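My entries follow in the order in which I looked things up.

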Amino acid sequence: CGRLVSVGDLHGDLARAEEILSGLGIASGGVWTGGDATLVQTGDIVDRGDYGRQIYELVEKLRPQAEAAGGKIVSLLGNH
C-alpha cells in the first residue's frame, strides 16, 4: 500500500490544482507520477473559479493511469 494523499478546495483553479498535484508528486503535465499512491479529492472542485470542468477532466484522465500504476483516485462529492 502506497502513500495516502488528500486534496480539497480546488475551487476551479486549474493552474493551482496542477501545481498542488505536481508538488505532491502525484501528477505532472497531465500524467500520473504517484505510483501506488492513493489520491483522495475531498470536494469543492467547482466553486468560484472558471476551470472546474477542466479539473474534473484532469482527474478522470489521471484515474486509469493511477490504476495502471497500482494507485487509485477517490473522488468525494460535495463540500467535504
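**Entry 1: overall shape**

I began with the radius of gyration of the chain, which is 11 Å; a compact globule of 80 residues would have one near 12 Å, so the chain agrees with that. I note here that the model is predicted. Next I looked up the box around the C-alpha atoms, and along the principal axes it is roughly 35 × 25 × 20 Å.

**Entry 2: elements**

I counted 2 helices and 5 strands in the chain. Reading from the N terminus, I wrote down the order β-α-β-β-β-α-β.

**Entry 3: inside and surface**

How much of the chain is buried? I found that buried residues make up 39% of the 80 residues. For the surface, I noted that the chain exposes about 4600 Å².

I then looked up the contacts with a separation of 6 or more, and 72% of them join residues 24 or more positions apart.

I picked valine 40, which I found in strand S4, residues 38-41. Is valine 40 buried or exposed? Its relative accessible area is 17%, so valine 40 is buried, the cut-off being under 20%.

Which residues does valine 40 touch, leaving out those up to four places away in sequence? My list has Leu4, Val5, Ser6 and Val7, and it also has Val74 and Leu76.

I also looked up how far valine 40 is from aspartate 50, which lies 10 residues away along the chain. The C-alpha atoms of these two residues are separated by 22 Å.

**Entry 4: charges**

I looked up the charged side chains of the chain, and there are 7 positive and 11 negative charges. The mean positions of the two sets are 4 Å apart.

How many salt bridges does a search of the whole structure find? The search finds 3, and I took them in turn.

Arginine 16 forms a salt bridge with glutamate 19, and their closest N and O atoms are 2.8 Å apart. Both residues lie in helix H1, residues 14-23. They are 3 residues apart, about one turn of the helix. I checked the accessibility of each partner. Arginine 16 has a relative accessible area of 43% and is therefore partly exposed. Glutamate 19 is also partly exposed, with 49%.

Arginine 53 and glutamate 57 meet through their side chains in a salt bridge of 3.0 Å, N to O. Both lie in helix H2, residues 52-68, where they are 4 residues apart, about one turn of the helix. Arginine 53 counts as exposed because its relative accessibility is 64%. Glutamate 57 is partly exposed, with a relative accessible area of 42%.

The other pair I noted in helix H2 is glutamate 60 and arginine 63. The N to O distance in their salt bridge is 2.7 Å. Glutamate 60 and arginine 63 are 3 residues apart in the helix, so about one helical turn separates them. Which of these two partners is buried, and which is partly exposed? Glutamate 60 counts as partly exposed at 45% relative accessibility. Arginine 63 has a relative accessible area of 18%, so arginine 63 is buried.

Technical notes. Residues numbered from 1 in each chain as written. Predicted model: local features only at pLDDT ≥ 70, side-chain atom pairs only at ≥ 80, totals over all residues. Heavy atoms only, no water. Rg over C-alpha atoms; globule rule 2.2 N^0.38 Å. Buried < 20%, exposed > 50% of the residue type's maximum accessible area, 1.4 Å probe, protein only. Contact = heavy atoms within 4.5 Å. Areas by Shrake-Rupley, 256 points an atom, 1.4 Å probe, with all protein chains shown as cover. Lys, Arg positive; Asp, Glu negative; His and termini not counted. Charge placed at Lys NZ, Arg CZ, Asp CG, Glu CD. Salt bridge = Lys/Arg side-chain N within 4 Å of Asp/Glu carboxyl O.
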